[in-house]
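Here is a short briefing on one protein chain. Keep the sequence and the model side by side as you read.

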Amino acid sequence: MQRSKALVHRFIFAAIALILVGCGADETESIPTMTQGKEPPAETLEASPTATLIPTFTPVPSPTPAPNNPAATSLPTPEGMIGPDEFPDGVNPLTGLEVSDAETLLRRPVSVKISNSPAQYVRPQSGLSKADLVFEHYAEGGVTRLTAVYYSNVLSQVGSVRSARIIDLEIPAMYQSAFAFSGASAGVKQLIRESDFFTRSISPDFGYGEPYFYRVPREGVPLEHTLFADLYDIWAWMDNREINQPVKLRGMGFSEIVPESDSNAKRVHVNYIAGESQVTWIYSPASGNYQRWQGGMTHTDSQSGAQLTASNVVVVYAHHQDTDILEDHVGGGHYSIQIQIWGEGRAQLFRDGKLYEGRWRRSERHDMLSFVDDQGVTLPLKPGNTWFQLVPIDFDRATVES
C-alpha cells in the first residue's frame, strides 16, 4: 500500500496525541506516584524512515560450518556455560537459574501484552519484576509497548493488559507460550487467528473474561488501562484444554563467570522517539544488576514498590517495516510495524557493568533468540532475568557511558 512521505512526519508529530489516546480493545490498578530518577535530560530525537509493505516470516538459516574446517566446527565453550542446548534438571532455560520446584518447568510459559503508555495511567505496571523476559518495542508514534514472558513465577495480577501488535506473532512462537492480550486491530487479530498458536491465545476479544482477566478501576484512569491478567487462572485454562504440556526451550547460554571485555557500561541509554519512552539502565555494583529508569523517572513495580532491575539488557537491532494494517486514526492514522526478528542482526549485551558486541540469531520460527560474538561463540548471559530493547537497524540513539 502506497503512502506519502507525510507519514514520516506524522510518526513524530502524532506521538504526543498517541500518549493521550488508547489503542485497540485494551486495558491498571492503584498506582503509587513514581519517584524522580537521576537520568540526565534526553536529547532531541529523529524518526526512522518508513519502509514498504513486506511478506510474512521468511526464515534465514545460519551458515553451516564446512565439515573439513576444524576451526569452524569446534568453537570454544565459554567458561562455566549452562546451555544453550541442554540444561540441568530444574534449571529454567529462560534464566539459567534453578527453580525451587522442578514441576514449575513442566508447563508452557505465558506471554502477556502489557501497556507502557501513557505513563501517568499505566506506570508502574504490575508484575514486571517477576517476568523472566521482557520485550520492549515501538508501537506507534514513538511510544513503546511490552510483552512479558512468565515461566518461573505465577502471579494473580499482571498488567495493565493491552492490545497485541505484529511483534506478538513471533514471541509466542519462540517460547511456545500461551498469549494473553486485550484485543487488537482487525488486521493483527486476523493474523493471530491464522497463527500456529491461536489455540493458546486468550483475550476478552475471544470471549474470555473473568477470572482470566479482570478490571481494577481507579479514579481518573480511562477504562482501557484497567485490565489485568491472572496467571493462575490462565495456566489452569491451559490445563483444562490439555495444552499445558512441557516444552523444549533452547537457545540462550548462561554463565556466572563474567566474560572478558574492555568496554565498561555503567549507563545504557535507549532513546526511543517519545520522551516518556526513553530508557536508562544504570549498573549497580552492589546488586550486580542494572536498574531501570524510563521517561526520566524511576521505573518501579506497583506490587512491590521496588525499582525494576535486569541481570541482562540486550539491545536487539532488527528491521522495522511499515505495513498496511491501520492501528488508529490519530494524526491521519498510524500503521502497524513489523519487527523482523528472524535471520540475524546486531546485538549488544550488557551484563555486570560490561558491554559485549555480538549478533542475535533466529533461524527457524520456533527458535528462541540466541546470541553469539563475531566468531560465532555463544555470548553467555548472566543467570537471571533479561530485558530485550528492540530497535531499528539504523537506530543511533543507543548510547553507553563507561
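**Strand 14 and its partners**

Strand 14 pairs with strand 16 (residues 343-351) in the antiparallel sense, over four bridges. The model is a predicted one. The chain has seven helices and 20 strands. Of its 402 residues, 58% count as buried.

Pairing along strand 14:

- Within strand 16, Ala347 is the bridge partner of Val316.
- Strand 15 (residues 334-340) also pairs with strand 14 in the antiparallel sense, here over six bridges.
- Gln321 has Gln338 of strand 15 as its bridge partner.
- Strand 19 (residues 386-392) pairs with strand 14 in the parallel sense, over seven bridges.
- Phe388 of strand 19 stands opposite Val314.
- Strand 14 is mostly covered, with 14 of its 17 residues buried.

Nonpolar cores:

- The largest nonpolar core holds 79 residues. Tyr150, Tyr175, Phe371 and Phe388 have the most contacts inside it.
- Strand 14 (residues 312-328) gives this core its largest share, six residues.
- A second, separate core has eleven residues, including Ala164, Ile192, Phe197 and Phe206.
- What does Phe388 touch, leaving aside residues up to four places away in sequence? The contacts are Leu133, Val134, Phe135, Glu136, Tyr175, Met252, Val314, Val316 and Phe371.
- Two of these names return from the pairing above: Val314 stands opposite Phe388, and Val316 is bridged to Ala347.

Helix 7:

- Which residues of helix 7 (residues 231-240) are buried? They are Leu231, Ile234, Trp235, Trp237 and Met238.
- Why do these five lie on the same side of helix 7? They do so because they cover an arc of only 150 degrees around the axis.
- The cover over these buried residues includes strand 1 (110-114), strand 3 (144-150) and strand 4 (158-159). Strand 5 (178-180), strand 6 (201-202) and strand 8 (227-229) are also part of that cover.
- Asp230 caps the N-terminal end of helix 7. One of its side-chain oxygens lies 2.9 Å from the backbone nitrogen of Tyr232.
- Glu242 follows helix 7, and its phi is positive, near 60 degrees.

Surface:

- The chain exposes about 16400 Å².
- Carbon and sulfur atoms supply 51% of that area.

Methods: Residues numbered from 1 in each chain as written. Predicted model: local features only at pLDDT ≥ 70, side-chain atom pairs only at ≥ 80, totals over all residues. Heavy atoms only, no water. Core = buried A, V, L, I, M, F, W, Y, C linked by side-chain atoms within 4.5 Å. Buried < 20%, exposed > 50% of the residue type's maximum accessible area, 1.4 Å probe, protein only. Helix = DSSP H or I, 4+ residues; strand = E, 2+ residues; numbered from the N terminus. Contact = heavy atoms within 4.5 Å. Areas by Shrake-Rupley, 256 points an atom, 1.4 Å probe, with all protein chains shown as cover. Arc of directions from axis to C-beta. Polar contact = N/O pair within 3.5 Å; in protein donor to acceptor, adjacent residues only side chain to side chain. Pairing = 2+ DSSP bridges.
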